[in-house]
Amino acid sequence: MATISVASLDSRTYIVHMDESKMKTSNPSGANSKEMFEEMLGSISQLSTDSEATPPPRLLYAYDTAIFGFAAKLSPMHLESIRNMDAFVAAIPDRAMRLHTTHSYQFLGLEQGRGLWQASNLESDVIIGVIDSGIWPEHPSFHDYGFGPVPTKWKGACESGANFSSLNCNRKLIGARYFFKGYEAEHGRVNETENFLSPRATNGHGTHCASTAGGNLVQNASFYGLARGVAAGMRYTSRIAVYKVCWEGPAGCSDSDILAAINQAIKDGVDVVSISLGFAGGGATRYFEDSTAQAAFAGIQRGIFFSLSAGNDGPRTVGNTAPWLMTVAASYIDRSFPAILKLGNGQIFEGISLYSGKSLKELPIVYGPTAGKKFAQYCVPGTLSPKLVKGKVVVCEGVFDTYQQAEYVKSVGGAGTIIFPDNGEILAAYPSMFPAASVGDLAGNAIVSYLKSTKSPTVSLTFKGTTYGNRAPMMAAFSSRGPNLVGPDLLKPDLTAPGVNILAAWPSISSPSREEGDKRRVLFNFDSGTSMACPHVSGLAALLISRHREWSPAAVKSAMMTTAYNLDNRGSPIKDVYYGGPATPFAIGSGHVDIQKASDPGLLYDIHPYEYLHYLCSLNYSSSQIALFDRNFTCPKRSTMQPGDLNYPSFAVLFESDAHNVTITYRRTVTNVGNPPIGTYKVQVEEPIGISVRVKPNILSFKMHGQKLQYKVSFTVKKPLIESDDSSFGSLTWVSEKYAVRSPIVITYI
């Protein structure tokens, strides 16, 4: 009988950073990085004292661009041997990550033939790399009609695999790769009955994201007639390269695979990287433990813009918070699919529905004990009584898959269903072909109260189809919020973009509900999440890059942040759907992206990559932790930089809870990119409650394009904190005749 050793069970995958110069000194033969690491692992395998019990170390990836190092399956003994090597820098355990439109471009102010969608701005080649779950290459969003030759700078490839060959790429989809070694090392072989072992998607997430960022124009797109219009990516003439790292299975996406994808994307020659992923546990990760942040820093040094999703754990804390990343929250656009619910007592509520059939006239409504046995309120299979629900509308609390709930109600004879969440006012549309409406928690509770107040409750449901001009934007309840627990001196998320009920490309292998029993197939499908907001910003960044090739990634980021807006289309502060009041910078960051204004921002807060390293020094990172980002950089011994001195387009200031008459001063530098180049800016400050803000100088006069001027801003606590709130908010805006360059201020008491 075979036995499994304890050592084998203890083996796991590590991402190992090595010192490149020391490795090459000890290997003068001129071997490449993969050969060096293979030789090194072979040598420690030979040193094993129990070779039968301990499987040999297994090299998964050699990294030579994003970082210098490798990913390998190692036993504790192997890892200890590597730690004792002179070239060893750090070892980080591999971790699982998870996956976090016909009208959104119009909502963002993009119009064919005008502004950033003028032909002259769309002609230049920009390459967007999408690191996700693969792509469905035959989709019309990725056709290459009208595209010229592949850019000469492109060094990538179209890798063959299951149901995918180099012929699936074209002048639009110019690259496709897949990475699975990290996933398999931790979770076993990829299940090829659920996955194509190739860049081809089985999950619609990656196809949806890629088309949102850079999908081509597709006429007459809709979801069963809803949201009909022209589908277009934000920079629809972009070239697209996909890097499949996520798989259907127990863990989804492996950190080591993502690192390999970033490493390759940098070498391939992308201009923008879009990553709608986050750690499975949610929240932020310290930068020296975050392989994605480390790899992205290498990309930033090479001028590549990185856009990442903030997370879908709202109102819990935001992820992907490194300062060189654009961290994107999610909000509603002004398009909706209303379902009007009228109760028997005359109360009317508005929900949302993707059902496009006939409305339901007044029918009996049941819930909980009037619908079935114990737990019937959750519409879990086996809980509803066909006798009690037949021909009636069933109210369900949305604690699990809403599509399955609606299908279950249908299967037992229900005439329709009303579903409300148990976690706030989440109003995401679900692709039901059954009369089903979703309402928020407040409306759901009011409906339940009505049910309990009368013996014969009734409801009618009217489905309105697609409507426009609704109040927007509004912050989505699911969007993860600040403060940034890794660095509370840095405001995250950075801004918000459309991320709710976004219609985009969908693979024909997957149903719109993603459920096996759903036999429908669609070209376009709705999805919601910061995963959908992120590629909007990725595509918008590609637009800015084509307009301003000389801008750094930090400059592109600054332009979008300082021109973002905070009032909705009714002229009121943007609403936070979860809390019900105005959205704070912890939810909205700098505000909602306004790409037309971002193309001409007036001033920029630019950041050179070495400034990020000084920021890490201000966090008291050790030399070995700094080496994960740049092995040739050493923190100055007498640095006076505070974390808040990073030249960031927002301000996050920390005070002790009992602070009084305490002052903190930060420095900033702005670069003039306005037109005309001669201009004067005066500062306008909205002071946070209890805080005095002083700016010196309070007037900035520019004489030429590219001129840099510095200012200092001092924050003073005027009175001790006596309220229960531990944060207050304000803003600092530089105003000229033409421009308003705004930075949010967040004061946090700790």
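**Salt bridges in the predicted model.** A search of the whole structure finds 24 salt bridges, a salt bridge being a side-chain nitrogen of Lys or Arg within 4 Å of a carboxyl oxygen of Asp or Glu. This is a predicted model, in which local features need pLDDT of at least 70 and side-chain atom pairs count only at pLDDT 80 or more, while totals for chains, interfaces and linings use all residues. Residues are numbered from 1 along each chain as its sequence is written, and side-chain values use heavy atoms, with hydrogens and water left out.

**View 1. The salt bridge between E138 and R200.** The closest N and O atoms of E138 and R200 are 2.7 Å apart. This pair links distant parts of the chain, 62 residues apart: E138 is in the loop between β6 (127-132) and β7 (173-178), and R200 is in the loop between α7 (181-187) and α8 (205-214). Helices (H or I, at least four residues) and strands (E, at least two) are DSSP runs, numbered from the N terminus. E138 is partly exposed, with a relative accessible area of 39%, whereas R200 is buried at 5%. Buried means under 20% relative accessible area, exposed means over 50%, and partly exposed is in between (1.4 Å probe, protein chains only).

**View 2. The salt bridge between R189 and E184.** Here the closest N and O atoms are 3.5 Å apart. R189 is exposed, with a relative accessible area of 63%, but E184 counts as buried at 17%.

**View 3. The salt bridge between D576 and R481.** The side chains of D576 and R481 meet at 2.7 Å, N to O. D576 lies in strand β27 (residues 575-576) and R481 in the loop between β23 (474-475) and β24 (495-498), so the pair ties together parts that are 95 residues apart in sequence. D576 is buried, with a relative accessible area of 3%, and R481 is also buried, at 3%.

**View 4. A salt-bridge network.** K153, D271 and R549 are linked in a network of salt bridges.

**View 5. The largest nonpolar core.** A nonpolar core is a set of buried Ala, Val, Leu, Ile, Met, Phe, Trp, Tyr and Cys residues joined through side-chain atoms within 4.5 Å. Of the 118 residues in the largest core, I131, F306, W324 and M560 touch the most other members. Helix α14 (residues 530-547) gives the largest share of this core, 8 residues.

View 6. Not counting residues up to four places away in sequence, F306 touches I262, V273, I275, A296, G299, I300, L325 and M326, where contact means heavy atoms within 4.5 Å. A second, separate core of 26 residues includes Y605, F651, I664 and V717.
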